[in-house]
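Please have the sequence and the model at hand.

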Amino acid sequence: MKMLRAPMSVTRIWIILIALTMVSVFTGESRALGIFSDPAIIILGSLKARWVVLDYMEARHVPGPWLVMFEAWLAAVAFVMCWIVLAT
């Protein structure tokens with residue numbers, strides 16, 4: 001029997017999203033990671049977008065191919081953006 005994990009509450013996800021926003025603002029303003037600050041912000045933004053789509057828009061329960069397509073698209077966009085930022 002497959003064990004289902006309990007979904008996170010909306011409040012808990014919201015707190016995590018706020019924390020990720022604060023980390024990305026700090027990283028961008030302080031340039032704490034040097035040349036990797038911009039890619040770090042892009043990756044944090046991708047994580048936030050994933051959580052918003054999967055949990056707030058309740059896409060976590062869509063059929064498998066749609067979920068794979070969304071995850072692949074998000075990863076591809078984040079990769080291309082990081083590559084462009086690091087190449088310039």
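## Terms and model

A residue counts as buried under 20% relative accessible area, as exposed over 50%, and as partly exposed in between. The model is predicted. It holds three salt bridges. Side chains of opposite charge can pair when their charged atoms come close.

## R31 and D38

R31 pairs with D38 in a salt bridge, and the closest N and O atoms lie 2.9 Å apart. R31 has a relative accessible area of 40%, which lies between the 20% and 50% limits, so R31 is classed as partly exposed. D38 is also partly exposed, at 28% relative accessibility.

## E71 and R50

A salt bridge joins the side chains of E71 and R50, with an N to O distance of 3.0 Å. This pair links distant parts of the chain: E71 belongs to helix α3 (residues 64-87) and R50 to helix α2 (residues 37-56), and the two residues are 21 residues apart.

E71 has a relative accessible area of 26% and is partly exposed. R50 is partly exposed as well, with a value of 28%.

## R60 and D55

The side chains of R60 and D55 form a salt bridge, 3.0 Å from N to O. For R60 the relative accessible area is 28%, which makes this residue partly exposed.

D55 has a relative accessible area of 22%. Buried would require a value under 20%, so D55 is counted as partly exposed.

Terms used. Residues numbered from 1 in each chain as written. Predicted model: local features only at pLDDT ≥ 70, side-chain atom pairs only at ≥ 80, totals over all residues. Heavy atoms only, no water. Salt bridge = Lys/Arg side-chain N within 4 Å of Asp/Glu carboxyl O. Buried < 20%, exposed > 50% of the residue type's maximum accessible area, 1.4 Å probe, protein only. Helix = DSSP H or I, 4+ residues; strand = E, 2+ residues; numbered from the N terminus.
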